[in-house]
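The following exercises are to be worked with the sequence and the coordinates at hand. Each task is followed by a stepwise solution.

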Amino acid sequence: MARTTARPSASRSVAAQVFALQVVVVLLLVLAAVLALVIQSRRDSTTEARNRSVAVAQTFADSPGIAAALRSPDPTALLQPSAEAARKDSGVDFVVVLGTDGIRYTHPLVDRIGKKFVGTYQPALQGQVVTEQINGTIGPLVQAVVPVHDANGTVVGAVSAGITISKVSGVVQRQLPLLLGAAAVALGLATVGTALASRRLLRQTHGLGPAEMTRMYEHHDAVLHAVREGVVILRADATLLLANDEARRLLDLPPDAEGRPVAELGLDGPAAELLASGRAVSDEVLSAGARRLVVSTRPTDRAGGPPGTVATLRDATELHVLTAEAEAARRRLTLLYEASLAIGTTLDVTRTAEELAEVAVPAFADHVTVDLAEPVLRGEEPRPGPDTPMRRVAKSGIAEEMPLYPVGERITVHPATPQAWNLGTGQAGLERDLASATAWQTQDPPRARRVLEHGIHSVVRVPILARGVQLGLVKFWRSQRPEPFDLDDLSLAEELTARAAVSIDNARRYSREHVMAVALQRSLLPGALPSQSAVDAAYRYLPAQAGVGGDWFDVIPLPGTRVALVVGDVVGHGLHAAATMGRLRTAVHNFATLDLPPDELLGHLDELVAMIDQEREGEPVAEVTGASCLYAIYDPVSLTCSVARAGHPPPAVVAPDGSVSYPELPAGPPLGVGGMPYSAGEFRLEPGSRLVLYTDGLVEDRSRDIDTGLDLLAEALRQAGPEPEETCEAVLAAMLPHGSADDVALLVARTKALPREHVVEFAVPAEAAAVSRVRATVTAQLESWGLDELVFTTELILSELVTNAIRYGAEPIRVRLLYDRGLVCEVSDTSGTSPHLRYAAATDEGGRGLFLVAQCSERWGTRYTESGKVIWAAQPAPPEGY
């Protein structure tokens, strides 16, 4: 009774669900229709409003006298009446005339005349027609702005006309009742349809709900296909109605057995008689050919079902075999599970091979040997074929005295042996009885005899294959176990080796990538610091304990005896990080040749990192680059240091007295993030100060945060000696006594000052006569420095640069001479224009000045400052004894 009362409830829930679904569908259709109508109406209304406003504005702008009225002393008095008349006649909401400065001359509201026009009118002053949709004080509207041309075609003003969208709309309000009526009719039809569907559903499902129907189907499918029992269903007249796959196998039924009487199926007499009788039995044993079946039958007409019989059959002859097979399968699965945990715990090729040998003994074999191609041990990919030299890398067994090749032995496979065939074809091989097989003994006959004497009687050889590449050969040997290897053992050995092959290949590829990354990184980092006079520098680079990273540093000489100091860090490890580091370091060198200030240089570097990330978006594994950088420029003349940083820890400054500080500098986002400009900070460095740049691996790790690391770094710097090399040694000994998980770059620069007597600077008036005085002053100064050989070329260079500054620059104009390793001439002015080198034609009277500057100097260029620019030219000092 309980089940009977539950059925109508379940049916009603199905009908309710169908009804709700149809209501939702109808409502969605109505909503979609209304939405489409509204969108279409709004689009049509907007288009109509735009066309009308453009037409009215264009007509009024082309009417006679408009241009003359705009040029009159009082345009409002002449244009306001006609504009209002046009507005009323055309039906728009406003007609506004405005001047070229955007001031209204007319408006429906008089108090708004003389005020700035609200909207976009600048393109109209260029002769274009502008339309835009805005929310004005009178509601959503469309306004148009058209130019007013005079007789010469010059734009002397503009006319704007606008109309609210509500004036040209109204389709939705007229059609909405029709839509609602259609929706009501659809809902009524849905209700009638749902009632009919509910009655039919009740009749066909006998009142079963969705859950009961699903459960019934699942039980039916499980009985027929998921159990290891035969199932047979017969009608009351002993006709076969259904038989699952297991029943067909056990009874050996023909393909067309369904629908035929049991007596015609060719069954044994007792089995056919029992199935046709319809009586109920439990676990009755019957013979069916060579099988003995356990049969149970039950009638199907219980609880009101159709008359007939259902029978289940089990094969008693297979129980013992199945039990043994299940136990063997369990052991194999256990071994494979243990192998999946034990093999590949490291990225070391040799250790992975040892793990394979250890996991198979003694659970599967008595002895296991692993031979790998020698290129695999170097991280290379071996060439195909059995002639590749092999080396034994792993050996495991229940006894140590077995006469197998020892670990480390180089093995050249004989071409006539089975292992050569295994390596050549990539197929596994099985030798059940080694004593009766002779081909394998060709490899080493004396050793083969000793192997047989020690009781080894069976072997399985499996090539180590990964991605179709032959990596080596694994041999599984049996000695104490009396049973030889069989085909099932061969399959298990192949599965074990296949799992190990993936790990060995991963380790090989990691070794290759590691070697390549290290070589790439070493080639990308500075080999030696360049010669310069601004600082004494020393550096240290510590690679990570596992893999290579993207930390880098650089010292770049700049014009004007200045020097750039750089440290950076690319997120991640491996080839990608090393390659990205190389690209960034090269980019910094290129940007430095442009003599950009630190903040602008980091801005360009940020764009480059963003481009690198965009280039990698289509890759299967897209990696976000992410990098930090600190760029500093030290000037030994002004003793100032300008620093900008992008997601990088601040530098440390060690004063000459040994005190340590971290200058307050603006912190920019990491490279590639974008969205914020970078800022530079500037501070003064006394001669003998040490500027310490580093990457985060020096001060931050899992055991301490960055604040603690900065405190430890400051203490280490206080204890360090004054020399940069001593500072590097002391810092690494104090901060990283046991190495670092991350790579570390450390750069220490002790500042120097250019002697004041080697710097000459003076102002130059903006007059042509000043050029000769500049030459005289420079000649005297060079003679005092002992640079008589450079007088002529320096006069020529400064004459051209000063003349250009007087002609094309802006005052004040200044000249500066710097004598360091060579002579640097600088001419500065407050103009932002820069001269360009060009080749003058044969008929040109000028244009050769900069060409002469370039020919007479070693290098020349332009450096922009906050107040203007500096044009410089550098000459090498004459050799000693010149």
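**Exercise 1.** Which side chain of opposite charge is nearest to Arg645, and how many Å away is it?

*Solution.* The model is a predicted one.
Step 1. Locate the residue: Arg645 belongs to strand S20, which spans residues 640-646.
Step 2. Search for the opposite charge: the nearest such side chain is that of Glu664, at 6.6 Å.
Step 3. Apply the cut-off: a salt bridge requires the side-chain nitrogen to be within 4 Å of a carboxyl oxygen. Arg645 is thus buried without a salt bridge.

**Exercise 2.** Which backbone oxygen lies 3.5 Å from a polar atom of the Arg645 side chain?

*Solution.* Step 1. Examine the residues that Arg645 touches beyond four places in sequence; among them are Leu602, Cys629, Pro650, Leu665 and Tyr678.
Step 1. Identify the oxygen: the backbone oxygen of Leu665 is at 3.5 Å from a polar atom of the Arg645 side chain.

**Exercise 3.** Is Leu21 buried or exposed, and why?

Step 1. Classify the residue: Leu21 counts as exposed because its relative accessibility is 55%, and the threshold is over 50%.
Step 2. Extend to the surroundings: together with Val25 and Leu29, Leu21 forms a nonpolar surface patch of about 290 Å² accessible area.

**Exercise 4.** What percentage of the residues in the chain is buried?

*Solution.* Step 1. Of the 882 residues in the chain, 45% are buried.
Step 1. For the surface, the chain exposes about 44,000 Å², with 56% supplied by carbon and sulfur atoms.
Step 2. For the secondary structure, the chain has 21 helices and 31 strands.

Conventions. Residues are numbered from 1 along each chain as its sequence is written. This is a predicted model: local features need pLDDT of at least 70, side-chain atom pairs count only at pLDDT 80 or more; totals for chains, interfaces and linings use all residues. Side-chain values use heavy atoms; hydrogens and water are left out. Helices (H or I, at least four residues) and strands (E, at least two) are DSSP runs, numbered from the N terminus. Buried means under 20% relative accessible area, exposed over 50%, partly exposed in between (1.4 Å probe, protein chains only). Lys and Arg count as positive and Asp and Glu as negative; His and the chain ends are not counted. A polar contact is a pair of N or O atoms within 3.5 Å; within protein, one must be able to donate a hydrogen and the other to accept it, and residues adjacent in sequence count only if both atoms are side-chain atoms. Contact means heavy atoms within 4.5 Å. Patches are made of residues with over 30% relative accessible area and no salt bridge: like charges are joined within 9 Å, nonpolar side chains (Val, Leu, Ile, Met, Phe, Trp, Tyr) within 5 Å. Accessible areas come from the Shrake-Rupley method with a 1.4 Å probe; for residues, only the protein chains shown count as cover.
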